[in-house]
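Open the model in your viewer and keep the selection panel at hand. The stops below go from a sheet to its helices and then to charged side chains.

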Amino acid sequence: MPELSVVIVAADGEQRAVLQVLVDGTSVAHVVHSCGSFPVTATDPVVRRVQAARPEVVLLDIPTENPAAALRAIEILHQEMPEIALFAIGSMSQPQVIVAAMRAGAREYVERPTTTTDLLEAFVRLAAAQRKVRSEGARGKVYTVVNAKGGCGATTIAVNLALALQSSHSQVALVDLAPLGHAALHLNLKPMFSVADALRNLHRLDASLLESFMTRHNDGLHLLAGANTPAAVEPSTAEYARLFDMLVGHYRYVVVDASTRLDPTTRLVCNLSETVLLVACADVAALWSAARVQQYLEETGARERVRLVLNRFRKIPGFSEAEAEAAAGTKLIWKIPNQYFAVSTAIDRGTPLMQQSHTEIARSFSGLAAVLTANDYEVKRNAWSLFKTV
């Protein structure tokens, strides 16, 4: 028997019929009721009918021409039935409507014209969230990746570490705090929203709105994209602290690409981190810079969290790991092999190295993820199913 019961609310009769066919076509949900009008108050009969149907999901169609009534309906249904997942169906060409829908209480915003696959993926995400096995009050962990100097590869490592963690554990967010965000380019994504949007909406940011600002990669990773132009006015560290409080409450792991950014925000995030990965190459300039970055972070107490990652590593006669640790002033946690052609090709094509799962460098990123999470027994998950057990 399908697990999810669904109510459809759409003013257009043809759209209601289409959505019913699509829902039934997922094989994991079925329609229990449909409504042809939007509720305008909490006492509206439509609200009572939806409550009587006891759905787990309400699909609410947002007309392109006049979305106001549908947005108000989402707000009313969310207030009256906060336990029900509200999925908005609408055009992706109207960012302001998407934000308004998520602020009103929608859990998902599904593109119109909708497909069975779109709905199935949304239902899968909901089922996964409902079946999360997490300790009461557990908080996610933050891993911040910082360059010793420009060009050492922090973004490459952050992107592929996040994908490795997503593959192993799921529920991972990648946050791009670089002065100019390149993580989306590495993932071949075109974000509609960024960190700046999340910070501007802190006053009403909840889990649903936070997810609406994320860009989903096809591996399930959530990206909170970075700036595509230098910021004219930088938000306060207090605002970043509130954002990260929300992130660790919603995700199992948060990977931060700080790139070459060295300012109070980077210090704050490093202090919030479980581990700070300081990325350097095995050359004099990079290791000298690593020592200075380490000292900068040490001033606010992050010293014990910082670990050295040697990128593009190859054995050099007469050069030892102990010498690298001494030069950088911190312990070495991992070495990423030197495969410049594979890395540059992956970046140019927007195909991350972790998607080339049988290569040495992909295995290296998986190994780094395993080292970082070696003692995280609570993240081991039971298998879940979209269908109820009997």
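In what order do the strands of the open sheet stand, and is the pairing parallel or antiparallel? The order is β2-β1-β3-β4-β5, 5 strands in all, and the pairing is parallel. This is a predicted model, in which local features need pLDDT of at least 70 and side-chain atom pairs count only at pLDDT 80 or more, while totals for chains, interfaces and linings use all residues. Residues are numbered from 1 along each chain as its sequence is written, and side-chain values use heavy atoms, with hydrogens and water left out.

**The sheet**

Strands (E, at least two residues) and helices (H or I, at least four) are DSSP runs numbered from the N terminus; two strands pair if DSSP finds at least two bridges between them. Select β2 (29-35) and β5: these are the edge strands, each with a single partner, so one side of each has no neighbour in the sheet. From one strand to the next, the twist averages 25 degrees. Angles run from 0 to 180 degrees between N-to-C directions, with axes fitted to C-alpha atoms, for helices over the stretch in contact.

Next, select β4 (residues 85-90), which is joined to β5 by 4 bridges. G90 has E111 in β5 as its bridge partner.

**Helices on the sheet**

Select helix α2 (residues 45-53), which touches β1 (4-9), β2 and β3 (57-61); contact means heavy atoms within 4.5 Å. The direction of α2 makes about 160 degrees with that of β2. Then move to helix α4 (residues 95-104), which lies across β4 and β5 and runs at about 145 degrees to β5.

**Salt bridges**

A salt bridge here is a side-chain nitrogen of Lys or Arg within 4 Å of a carboxyl oxygen of Asp or Glu. The count is 8. Begin with E108 and R216, whose N to O distance is 3.9 Å. E108 is in strand β5 (residues 108-111) and R216 in strand β8 (residues 215-216), 108 residues apart. R216 is partly exposed at 32%.

Now select R261 and D263, with closest N and O atoms 2.8 Å apart. Both are buried: R261 at 9%, D263 at 18%.

Finish at K335 and E321, a salt bridge at 2.4 Å. K335 lies in strand β13 (residues 332-337) and E321 in helix α13 (residues 321-328), so the pair ties together parts 14 residues apart in sequence. K335 is partly exposed at 31%, and E321 is partly exposed at 38%.

Definitions and conventions
Buried < 20%, exposed > 50% of the residue type's maximum accessible area, 1.4 Å probe, protein only.
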